[in-house]
Structures are given as structure tokens and as C-alpha cells.
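Open your viewer and load the model. Keep the selection tool ready.

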Amino acid sequence: FELDGFVTSGLMAPDHETDPEARRLLWHSAGVYFTSTFVAGVGYTLALTSGVGSETQMRTAHTGGTVHAAWMFAVAGGLRCLKLSKAQLRELVSMVALVGWGNTLGYTVSAFLSVKGLKPLTFMTQAPYLVDLSESKGGTLLRNLPGNLLFLGALHGLARFLFLVYRGTSDKED
């Protein structure tokens, strides 16, 4: 019900422009949440109870994906506030899904492969290496490739997301 113009039931009026995209994003959010809580959660449990895999990597996969799912859920609720075309709105939702899935799968795949995935700052000249070619410090280039590609996809999605949010909140007319 309404009280002085405020909706007190917690429900918002339907917005037929954004609702299909919000529902699509909520579905992706549920998938990311399942992947992080169940798939990575099983890995985390195994790492804690039987020493299989890296406990810190599995914990990161477990909690990182859960945070991404919550962020995706929040973005779905805020879509109606953005002034974007249907095509831009669809792209924004796709980019949010790319960030959520890219990071969650990057964490999870890297944890199960026992590699670090994307490492900070350096490429191949000093530790920690972005491209790890040694067997003793995280695996081969091939084992690092899936995590690196997933994280790079997520970075692309993040850049497009930020641009589209800026555009959707700007007072400028196109």
C-alpha cells in the first residue's frame, strides 16, 4: 500500500521496459550463486576436510562468486533507474552477466586446476608471474589459460558496464 506517495510493501510498480532484462539478470545471478555456493563450496569443503586443493583458493571461489551473485541481484533491481535504450539495457545486462560468470568461473576453474589464474602486475620477468611457465609455482601456461581468459572477459564486461551506467545516469541527451 502507499503512504504519502511511498510504497511500503517493498514492491515496486512494474516497469515493462526493464523487467524482461531484470529477470534475465536474476536468472544469471541464480546460476552464479549456485556455482559459487555448491560447486566451489564442495571444493572448499574438500580442501578443509581432506586437504584436496588450496583452501584459500577454494574459499575465494566460494565467497567471491557469492558476492558477485549479490551484486548482480542488486543491479537487476536498479535497471529501472537507468536511461538507456533497449539495446543498451540488453548490453548492460550481458556485461553484468559476463563479469559475474567470468570472475566466478575464473576463481572456480583456477582453484580446481590449482593455478593462480590472473596474477598481479608482471608478465614473465619476475615473480609473481602473469603467465606461469613453471610446474612448481602454479602450473603450466595451458593450465593458467582458462582462468586468465575468464578474468580478461570479466574485465571487458566491467569496462562496458561502467560506461553504460555512466551513460544511463547522465543528464546528457544522445
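This tour goes from the whole chain to single residues.

**The whole chain**

Start with everything on screen. You are looking at a predicted model. Colour it by secondary structure: the chain has four helices and two strands.

The chain exposes about 10,400 Å². Carbon and sulfur atoms supply 67% of that area. What share of the 174 residues counts as buried? The share is 36%.

Contacts are worth a look too. Take those in the chain with a separation of 6 or more: residues 24 or more positions apart account for 71% of them.

**Helix α3**

Select residues 86-113, which form helix α3. How far apart are its end C-alpha atoms? They are 39 Å apart. At 1.5 Å a residue, the 28 residues of α3 should span 40 Å, so the two values agree.

Stay in α3 and pick Gln 88. Is Gln 88 buried or exposed? Its relative accessible area is 15%, and buried means under 20%, so Gln 88 is buried. Follow its side chain: it reaches the backbone nitrogen of Ser 85 at 2.9 Å.

Next, step just past the end of α3. Ser 114 sits there, with a positive phi of about 55°.

**The nonpolar core**

Hide the surface and select Leu 25, Val 75, Leu 79, Leu 92, Val 96 and Phe 161. These belong to the largest nonpolar core, which has 17 residues, and they touch the most other members.

Zoom in on Phe 161. Leave aside its neighbours within four places in sequence. Phe 161 is then in contact with Trp 71, Val 75, Leu 92, Met 95 and Val 96.

**The loop at Val 52**

Last stop: select Val 52. This residue is in the loop between α1 (19-50) and α2 (55-78). Val 52 has a relative accessible area of 49%; exposed means over 50%, so Val 52 counts as partly exposed.

Show its contacts, not counting residues up to four places away in sequence. Val 52 touches Gly 43, Leu 46 and Ala 47.

Finally, draw a distance from Val 52 to Ser 114, C-alpha to C-alpha. They are 62 residues apart in sequence and 9.9 Å apart in space.

Conventions. Residues are numbered from 1 along each chain as its sequence is written. This is a predicted model: local features need pLDDT of at least 70, side-chain atom pairs count only at pLDDT 80 or more; totals for chains, interfaces and linings use all residues. Side-chain values use heavy atoms; hydrogens and water are left out. Buried means under 20% relative accessible area, exposed over 50%, partly exposed in between (1.4 Å probe, protein chains only). Contact means heavy atoms within 4.5 Å. Accessible areas come from the Shrake-Rupley method with a 1.4 Å probe; for residues, only the protein chains shown count as cover. A polar contact is a pair of N or O atoms within 3.5 Å; within protein, one must be able to donate a hydrogen and the other to accept it, and residues adjacent in sequence count only if both atoms are side-chain atoms. The expected span of a helix is 1.5 Å times one less than its number of residues. A nonpolar core is a set of buried Ala, Val, Leu, Ile, Met, Phe, Trp, Tyr and Cys residues joined through side-chain atoms within 4.5 Å.
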